[in-house]
Amino acid sequence: MNSNPVQKQYAPLLYALPAPSLLVQGRQAILWNQPAERLLPRLKYDPQLPDALFPSLSSRSAGMATIQGKPYSVQASPVDDTLLLLTLTPVLRTELSSDRLRLLGEQLRLQLSDLILSAQVLMSITAGLNRPEANRSMALLERALYRLLRLTRHLELMQQPDLGYRSAPFDLAGFCAQFAGEVAPLLRAAEVELHYRSELSSLLTCGDVRLLQLLLLTLLSNSVKAAGAGGAITFSLGRTASHALLQLEDNGPGLSPDALSRLFDDEAVPPPAPGSGLGLGLALARRIVALHHGTLVAGNVPNHGLSIAISLPLNRAGGSLPLSSPPPDRDGGFSPLLVELSDALPTTAFTPDDME
């Protein structure tokens with residue numbers, strides 16, 4: 001690595017950092033410390049940052065990458081107008097914190113209170129009373145039930161180290177197009193438009209379709225809340241030579257630099273507001289991406305909102321497929337789309353007529 005004034009200026013600081021750290025200009029690493037070289041030995045031969053590892057890198061972005069089979073949080077911070085400091089920190093925690101577990105009883109009680117209240121109202125309504133009132137009560141009952149299912153499903157998954165991961169060949173392009181087509185009408189109930197963009201008609205790979213659907217629904221739920229009524233979300237699919245690139249962009253307010261830097265840090269995220277779930281969505285998303293040996297990056301889009309980029313390796317199966325039992329139905333016959341989006345959809349999405 002040739003020495004230059006920039007390297008001389010920042011080398012003492014960079015070499016003193018214990019975590020793998022890189023000084024980046026554009027997509028070129030111009031200086032790195034020994035921990036970074038041990039983690040990314042290819043830097044000695046090719047300092048160009050691979051798109052597969054860092055699909056979306058801006059002046060302030062945060063994300064998660066799987067490197068050498070282990071998850072790392074990725075933090076980009078501006079040094080000056082052209083330089084970024086990229087820091088990679090190993091993610092050591094995988095279990096739920098005691099604070100999250102303590103919230104379980106409170107969250108379940110809140111949702112059960114809605115169920116009990118709605119049941120009492122419905123019991124007092126006779127066939128001759130106002131039907132809109134009955135519909136509103138039934139919708140509240142249905143939404144609370146779906147949110148309870150979402151809470152219990154997330155808790156059950158978090159207790160499994162591999163989330164029940166089962167890989168099989170599938171068409172990612174077809175999956176994404178169908179996903180967008182099924183989700184878009186539901187989001188209109190929240191007055192949010194979903195736009196799907198992709199030039200790919202087919203993209204064969206291997207992965208767990210159920211977990212990838214959960215990943216997208218979890219991220220989409222956050223995007224719906226950020227966009228708000230009258231907002232819009234763009235969902236896109238592209239590819240490089242070896243990776244699929246999925247992206248969700250909303251036109252909400254984005255995140256403050258402090259909130260963005262703590263987005264993937266479970267310990268730094270404040271407890272969720274009452275009635276808004278346990279805050280397990282991003283933890284689940286991070287683990288799903290890691291199981292697929294992918295990368296998850298979040299960054300603000302100037303004057304637009306928040307962008308979530310997902311890079312997944314294109315793994316194609318060879319030979320015969322292994323035999324395995326089908327995964328258990330954890331949705332109990334309920335729509336997994338409604339279950340996972342129930343935290344973001346209004347009560348009107350759960351009226352008896354709409355549920356049909």
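In which crossing, left-handed or right-handed, does α6 pass α8? Helix α6 passes α8 in a left-handed crossing; a crossing is left-handed if the near helix is turned anticlockwise from the far one by less than a right angle, and right-handed if clockwise. This is a predicted model, in which local features need pLDDT of at least 70, side-chain atom pairs count only at pLDDT 80 or more, and totals for chains, interfaces and linings use all residues. Residues are numbered from 1 along each chain as its sequence is written, and side-chain values use heavy atoms, with hydrogens and water left out.

**The chain as a whole**

- The chain has 10 helices and 12 strands; helices (H or I, at least four residues) and strands (E, at least two) are DSSP runs, numbered from the N terminus.
- Of its 356 residues, 44% count as buried, where buried means under 20% relative accessible area, exposed over 50% and partly exposed in between (1.4 Å probe, protein chains only).
- Among contacts with a separation of 6 or more, 69% join residues 24 or more positions apart; a contact means heavy atoms within 4.5 Å.

**Helix α5**

- Helix α5 covers residues 172–188, which is 17 residues.
- From first C-alpha to last, α5 reaches 24 Å, close to the 24 Å expected at 1.5 Å a residue; the expected span is 1.5 Å times one less than the number of residues.
- Asp 171 caps the N-terminal end of α5, with a side-chain oxygen 3.2 Å from the backbone nitrogen of Ala 173.
- The buried residues of α5 include Phe 175, Phe 179, Val 183 and Leu 187.

**Helix α5 against helix α6**

- The axes of α5 and α6 (residues 209–227) come within 12 Å and cross at roughly 40°; axes are lines fitted to C-alpha atoms, for helices over the stretch in contact, and angles run from 0 to 180 degrees between N-to-C directions.
- The two helices are therefore oblique to each other; angles under 35 degrees count as roughly parallel, over 145 as roughly antiparallel, 65 to 115 as roughly perpendicular and the rest as oblique.
- α5 passes α6 in a right-handed crossing.
- On the α5 side, the contact is made by Phe 175, Phe 179, Val 183 and Leu 187, and the α6 side includes Leu 212, Leu 216 and Leu 220.

**Helix α6 against helix α8**

- α6 and α8 (residues 281–291) pack at an angle of about 145°, with their axes 9 Å apart.
- Residues making this contact include Leu 211, Leu 215 and Thr 218 of α6 and Gly 281, Leu 282 and Ala 285 of α8.
- Thr 218 lies in α6 and is buried, with a relative accessible area of 3%.
- Not counting residues up to four places away in sequence, Thr 218 touches Gly 281, Leu 282 and Glu 340.

**Thr 87 in a strand**

- Thr 87 lies in strand β5 (residues 83–90) and counts as partly exposed at 21% relative accessibility.
- The C-alpha atoms of Thr 87 and Ala 76 are separated by 6.6 Å, and the two residues are 11 residues apart along the chain.
- Leaving aside neighbours within four places in sequence, Thr 87 is in contact with residues including Ala 19, Pro 20 and Ser 73.

- Most residues other than glycine have a negative phi.
- Leu 163 has a positive phi, near 55°.
- Leu 163 lies in the loop between α4 (131–158) and β6 (168–171) and is buried, with a relative accessible area of 3%.
- His 293 has a positive phi near 55° and is found in the loop between α8 and β11 (295–301).

Notes: Polar contact = N/O pair within 3.5 Å; in protein donor to acceptor, adjacent residues only side chain to side chain.
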